Amino acid sequence: MKELSQMRENYKMGSIDASSMNENPFLELNQWLNRAIDSNIPEPNAMILSTANVDALPDVRTVLLKGFKDENLVFYTNYNSKKASDIEANPNVAVLFLWKTLQQQIRIQGTVSRLSRDESVKYHASRPRKSQLGAQASRQSSVIKDRKVLEDKMADLLNKYGENEPIPCPELWGGYVIHPQTYEFWQGRRNRLHDRILYSKCHTSNTWKTVRLSP
Ligand SMILES: Cc1cc2nc3c(=O)[nH]c(=O)nc-3n(C[C@H](O)[C@H](O)[C@H](O)COP(=O)(O)O)c2cc1C
């Protein structure tokens, strides 16, 4: 293996001009996301979701940002999963977008609520049939004996619903909405002197305060 301690990259792809950033970080997120999408990096909507359980034990995993509700971030999952049980016990979460080839990351802290059942059902109906069946076949985060358990379940469901029978949205599957309280935009710069701009929500005035953080 290459010597890890000697692996390093000098970041020089961009910079943040704090004076031209949006007052509203949601608009800034949209601009960054659009640039990431236009740059054709794979799955720019993949975000690392961090939760902590009732004992404050943290956990992380990737989920896909699937849209926005007002100025909040929506992802979909199983309401019986590990992440869901963390969220139900402790609605504070953080997400991270890492766009390595752009030398950028965005960190967001926020609180989570469930998306309405109607909106989840609507999105579910737009998914490919096999993804709909996959969601039914998997009791996400539960222990299974082997892969055959999943494959048998999928075969049963394919048989049950055939080619055209509508597939209902499982009660235990749906969306969560992340309501951001802070955003940090990070751009790698030369010599580890990176740019970091932090937005924090001021609840009394419903405005955002920005500061620059030392790298
Ligand atoms: C690129 C990528 C995208 C993923 N998107 C989702 C997603 O949108 N929803 C989801 O429930 N799991 C998604 N997963 C799987 C999760 O990372 C995780 O394995 C799963 O949700 C179970 O997590 P949990 O046991 O902590 O609840 C994705 C994984 C990867 C690598």
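Me: Leaving aside its neighbours within four places in sequence, which residues is A36 in contact with?

Reply: This is a predicted model, in which local features need pLDDT of at least 70 and side-chain atom pairs count only at pLDDT 80 or more, while totals for chains, interfaces and linings use all residues. Residues are numbered from 1 along each chain as its sequence is written. Two residues are in contact if their C-beta atoms, placed from the backbone, lie within 7 Å. With the neighbours within four places in sequence set aside, the contacts of A36 are I41, P44, W99 and L102.

Me: Where is A36, and as what does A36 count, given its C-beta neighbours inside 10 Å?

Reply: A36 is placed in helix α1, residues 25-38; helices (H or I, at least four residues) and strands (E, at least two) are DSSP runs, numbered from the N terminus. A residue is buried if 20 or more other C-beta atoms lie within 10 Å of its own, exposed if 12 or fewer, and partly exposed in between, with C-beta atoms placed from the backbone. Because A36 has 19 C-beta neighbours inside 10 Å, A36 counts as partly exposed.

Me: How many helices and strands does the protein chain have?

Reply: Read along the sequence, the elements follow the pattern α-β-β-β-β-α-β-β-α-α-α-β-β-β. In total, the protein chain has five helices and nine strands.

Me: Along strand β1, which side chains point to one face and are buried?

Reply: Strand β1 covers residues 46-52, and its side chains alternate along the strand.

Me: In which sense do β1 and β2 pair, and over how many bridges?

Reply: Two strands pair if DSSP finds at least two bridges between them. β1 and β2 form a hairpin with five residues between them, and A56 in the turn has a positive phi of about 70°. One of the bridge partners is D59 in β2, for T51. The pairing of β1 and β2 is antiparallel, over seven bridges.

Me: Which residue of β5 stands opposite S50?

Reply: β1 is also joined to strand β5, residues 92-99, by three bridges, and these two strands run antiparallel. In β5, the residue that stands opposite S50 is A94.

Me: Why do the buried residues of α4 line one face of the helix?

Reply: Helix α4 spans residues 129-137, and Q132, L133 and A135 are buried in it. The buried residues of α4 pack against α3, α5 (147-161) and β7 (173-187). They line one face of the helix because, seen down the axis of α4, with directions taken from the helix axis to the C-beta atoms, they fall within an arc of 155°.

Me: Which element gives the most to the shell around the ligand?

Reply: A residue is near a molecule or strand if its C-beta atom, placed from the backbone, lies within 6 Å of it. Of the 15 residues around the ligand, T77, S81, K82, K83 and S141 come nearest, and the elements that give two or more residues to this shell are β2 (58-64), β4 (72-78) and α2 (82-89). By class, the shell has five nonpolar, five polar and five charged residues, where Ala, Val, Leu, Ile, Met, Phe, Trp, Tyr, Cys and Pro count as nonpolar, Asp, Glu, Lys and Arg as charged, and the others, Gly among them, as polar. With five residues, the element that gives the most is β2.

Me: Is N40 buried or exposed?

Reply: N40 is found in the loop between α1 and β1, and its phi is near 65°, a positive value in a residue other than glycine. Because N40 has 8 other C-beta atoms within 10 Å, it is exposed.
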